[in-house]
Amino acid sequence: MSFNIDKMISPFIKALPPSGLAKFLEITANNPNIVPLSVGEPDFDIPAKVREACIDSLNAGKSNYTSTLGMLELREAIAADTYKNYGVQYDPKTEIMVTVGVSEALDIVIRTIMVPDGEIIIPEPCYVANKACIILAGGTPVPVETKLENGFVPTITDLEKAVTDKTRAILLGYPNNPTGAIMSKEQIKAIGDWAVKHDIMIISDELYAHLTYGGKKHTMFTAFPEFKDRTVVLNGFSKAYAMTGLRLGYFTAPAAFVQAANLLHQNVVLCTNITAQYGAIAALKYCEHDMLAMVAEYEKRRQIMIDGFKKIGLPLYEPEGAFYVFPYIKQTGLTSMEFVEKLLTEEEVLVIPGSSFGASGEGFIRCSYAYSEDNLHEALTRLDRFIRKYTK
């Protein structure tokens, strides 16, 4: 009698929606003829000082475990960088945890706060893993639609409709993937006051904090002291320092929360990669110039995309952060998925359907400008040809 392995698979796993990105990344990897606008990964080399620090640590035989919270020297560098850029102070000994990318930070933060039947509000469109992490923790994601006319930031009116006595937190991601939206200080204050009113936590994914344009500057949620005792801020090194494969992130939070989350962290991963931690120390101490040079290049590419889509005639929210544009494609009469599939087949350009980032992303596509200018110009030329075919 054969064993039915399917009955052993967790219902939490079965309830997970497929990743909205994975299959598209496979397409890019397996077809060199495609002109991609799909991957949210810097196309810059890792900064030289980071690479040297990693190599030097290995040559010195530094391959041991570190503190489960991360090397104190790294946490001190994170605290100094956070204060320098955003004026927010954290105790590196008790209020910072280094994680295996922001992905692990997101996972353990949600699991640390979740209870049976707990709910977390997630403004959409949003990062594809947000909903999955809530489901895996045994919770219920509560989507709140954001709209182009509101700059893809949730309104207090819409949040009021979503909050219940089961709400544990609101999970925000600004600068935003996929829309490129950022939040103003006034919007942050309003949402923070709303969270205080309902006595819930704030989880703020600020991975793209350094990537802002047009003179805009990112404001940390905890720049408002009255929100600090209820807020967890996620950040990392993948986007600003081109360190995606080194898988290093962190979160800042009240000491009691870090202590609780560490019980989970130390039993799942024990500690993060020591080589990557040495690289991150170098990034924070010596690589600000590299980071700013990347941001300046992204700003040029951003303008290429804005100008290109305006010429094509697709309505577009002009992104102020991250490295994505999110054009509106309903005038073609195609769904987001139909648009992506036809564009890939007919013009060999790969973008991501907006529906991958939640139901409110339907009617949009996400285009990354973390690619060379030549790649962007070629993709826009093909998109223009494609749009002319399908726009009446």
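Mentor: Let's start with aromatic pairs: two rings of Phe, Tyr or Trp (its six-membered ring) pair if their centres lie within 6.5 Å, and planes under 30 degrees apart count as stacked, over 60 as edge-to-face and the rest as tilted. Here, ring pairs link Phe 44, Tyr 208, Tyr 298, Phe 323 and Tyr 324 into a cluster. The model is predicted, so local features need pLDDT of at least 70 and side-chain atom pairs pLDDT 80 or more, while totals for chains, interfaces and linings use all residues. Residues are numbered from 1 along each chain as its sequence is written, and side-chain values use heavy atoms, without hydrogens or water.

Trainee: How many aromatic pairs does the rule count?

Mentor: The count is 18. One of them joins Phe 152 and Phe 364 edge-to-face, with 5.6 Å centre to centre and 75° between the planes.

Trainee: Which parts of the chain does that pair link?

Mentor: Helices (H or I, at least four residues) and strands (E, at least two) are DSSP runs numbered from the N terminus. Phe 152 sits in the loop between strand 4 (140-145) and helix 7 (156-162), and Phe 364 in the loop between strand 11 and strand 12, so the pair links distant parts of the chain, 212 residues apart.

Trainee: Is Phe 152 buried or exposed?

Mentor: Buried means under 20% relative accessible area, exposed over 50%, and partly exposed in between (1.4 Å probe, protein chains only). Phe 152 and Phe 364 are both buried. Phe 224 and Phe 227 give another pair: their centres are 5.6 Å apart and their planes at 45°, so the pair is tilted. Phe 224 and Phe 227 are buried too.

Trainee: And Phe 12, is it buried or partly exposed?

Mentor: Phe 12 is partly exposed, at 41% relative accessible area, and lies in helix 1 (residues 11-14).

Trainee: In what order do the three strands of the open sheet run?

Mentor: Strands of a sheet pair through backbone hydrogen bonds, either parallel or antiparallel. Two strands count as paired if DSSP finds at least two bridges between them. In this model the order is 9-12-11, with antiparallel pairing. Strand 9 (324-325) and strand 11 (352-353) are the edges, each pairing on one side only.

Trainee: Over how many bridges do strand 11 and strand 12 pair?

Mentor: Strand 11 and strand 12 (residues 365-368) pair over two bridges, in the antiparallel sense. Look for Ile 352, which stands opposite Arg 366 in strand 12.
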